[in-house]
Amino acid sequence: MKTLLVTGSSGLIGSEVVAGFSGDGWEVHGVDNNMRADFFGPQGDTRWNLQRIREAHPAFKHHELDIRNRPAVLELLRSVSPDAVVHAAAQPSHDLAASRPFDDFDVNAVGTLNLLEAARLAAPEAPFVHMSTNKVYGDAPNEIALVEKDTRWDYGDPDYADGIRETFRIDQSKHSLFGASKVAADVMVQEYGRYFGMGTCCLRGGCLTGPNHSGVELHGFLSYLIKCNLEGRTYRVFGYKGKQVRDNIHSHDVVAFMKRFIAAPRKGEVYNLGGGRANSVSILEAFGLISEISGKPMKHEYVDQNRQGDHICYISNLDKLKAHFPGWGITKDLRTTFEEIHAAWLRR
Ligand SMILES: NC(=O)c1ccc[n+]([C@@H]2O[C@H](COP(=O)([O-])OP(=O)(O)OC[C@H]3O[C@@H](n4cnc5c(N)ncnc54)[C@H](O)[C@@H]3O)[C@@H](O)[C@H]2O)c1
């Protein structure tokens, strides 16, 4: 039986990893200390999700551990000796980082280094998949010529018709402190591939979403937007006329990609992993779609000031992923994803 270690296992992506690999017969060890509740308060609490995965996967082994605890991380890697590592624990919010700069950097950058070095010492052959983010590109995507349409901004430059590629520059733009700590981690993961020859990759996520997100205003845009619609709460739109565009990928399709990478790892790769153009949506369009699904109007208020460093239009180019792993593709379209999140909030 193969063994997987996943960090952030009570979160959106981590819990999908637990389900996906347990379902394939792997022994799965998860690391999570519920720090999301510390970052975002009770609404960010992930215990309900831990309980859910424990019930669904009785063989799953949970480790209540802080990835900032370097000796404990090494000890765990030595005792589990995994065949693969997925690193999905993080301080994930662009906006929150400015108020908690040390926690953000200690978790995102130093925590990643703790895991990489422990993996190199204890399990150097294990493929290491790191959840990075499109925020490593800072706000440089906002320099691409845009056109304003009725409900969304779109790229005016035909070079970007299929989205942003991995060759896009990562420096000399505004990242937010979160984007900067994730750049440090991203480059370190590449380095453990290139310098030490480990099978590593960085998945630079667009908007990752799904029914098991503990969505809050500061993180998990679709999950939070759909929750607001359901509860009749007012959703605040920050700038860009509500026409800002995100490409959304269901956590199921994220994990499907991880499985392919782990089965055929490469060294120090980076991939832009989002929903691509077909799964892109603006905030205004998302309001329309959820109202159609729920039958409820969307209450919202407009705040003139956009979030610092926020993307106006971000669509991931998926060509590299598909070229390296031809069997992989998006299986959950936007509507299905909305419906699943909506149904999950109704249940919760
Ligand atoms: N959700 C998105 O839209 C999105 C987009 C791009 C990139 N990402 C990246 O994907 C990864 C997973 O995101 P997510 O949406 O699943 O986040 P999430 O907040 O749902 O899950 C992260 C988990 O990590 C745990 N955690 C945080 N600090 C920890 C620590 N010090 N020790 C142990 N556990 C800790 C949290 O409690 C939480 O359960 C993150 O690296 C994030 O930056 C997410």
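# Briefing on a predicted protein model

At 9% relative accessibility, N34 counts as buried, where buried means under 20% relative accessible area, exposed means over 50%, and partly exposed lies in between (1.4 Å probe, protein chains only). This residue belongs to a predicted model, in which local features need pLDDT of at least 70 and side-chain atom pairs count only at pLDDT 80 or more, while totals for chains, interfaces and linings use all residues. Residues are numbered from 1 along each chain as its sequence is written, and side-chain values use heavy atoms, with hydrogens and water left out. The protein chain averages a pLDDT of 97, and 100% of the residues score at least 70; pLDDT is the predictor's confidence in each residue, from 0 to 100.

**Confidence by element**

- Helices (H or I, at least four residues) and strands (E, at least two) are DSSP runs, numbered from the N terminus.

**Loop residues and positive phi**

- N34, which is found in the loop between β2 (27–31) and α2, has a positive phi of about 60° although it is not a glycine.
- Most residues other than glycine have a negative phi, and most peptide bonds are trans.
- Q172 also has a positive phi without being a glycine, with a value near 55°, and is found in the loop between β7 (153–155) and α6 (176–194).
- At 66% relative accessibility, Q172 counts as exposed.

**The surroundings of T46 and S214**

- T46 is found in the loop between α2 (35–40) and α3 (47–56), and its relative accessibility of 3% makes it count as buried.
- Leaving aside its neighbours within four places in sequence, T46 is in contact with S10, D32, N34, R36 and S214, contact meaning heavy atoms within 4.5 Å.
- S214 has its place in the loop between β9 (207–209) and α7, and at 2% relative accessibility S214 counts as buried.
- Not counting residues up to four places away in sequence, S214 touches R36, Q43, G44, D45, T46, W48 and R348.
- S214 and Q43 are 171 residues apart in sequence, and their C-alpha atoms are 6.9 Å apart in space.

**Helix α7 and its cover**

- Helix α7 is mostly covered, with 10 of its 11 residues buried, among them F221, Y224, K227 and L230.
- What covers the buried residues of α7 includes the strands β9, β10 (235–238), β11 (245–250) and β13 (280–282), together with the helices α9 (283–294) and α11 (334–347).
- After α7 comes G232, whose phi is positive, near 70°.

**Packing of α4 and α5**

- Helix α4 (residues 70–80) and helix α5 (residues 101–122) pack at an angle of about 35°, with their axes 9 Å apart; axes are lines fitted to C-alpha atoms, for helices over the stretch in contact, and angles run from 0 to 180 degrees between N-to-C directions.
- In this contact, R70, V73, L74, L77 and R78 of α4 meet V110, N114, L115, A118, A119, L121 and A122 of α5.
- The residues of the contact of α4 with α5 divide into nine nonpolar, one polar and two charged, where Ala, Val, Leu, Ile, Met, Phe, Trp, Tyr, Cys and Pro count as nonpolar, Asp, Glu, Lys and Arg as charged, and the others, Gly among them, as polar.
- D103, which lies in helix α5, is partly exposed, with a relative accessible area of 21%.
- Not counting residues up to four places away in sequence, D103 touches F39 and R68.

**Aromatic pairs**

- The structure holds 16 aromatic pairs, counted where rings of Phe, Tyr and Trp (its six-membered ring) have centres within 6.5 Å, with planes under 30 degrees apart taken as stacked, over 60 as edge-to-face and the rest as tilted.
- Y160 and F168 form an edge-to-face pair, with 6.1 Å from centre to centre and 75° between the planes.
- Y160 counts as buried at 19% relative accessibility, and F168 is buried with a relative accessible area of 14%.
- The rings of F257 and Y271 have their centres 5.2 Å apart and their planes at 65°, so this pair is edge-to-face.
- F257 lies in helix α8 (residues 251–263) and Y271 in strand β12 (residues 269–273), so the pair ties together parts that are 14 residues apart in sequence.
- Both F257 and Y271 are buried.
- Y137, Y155, Y160, F168 and Y314 form one aromatic cluster.
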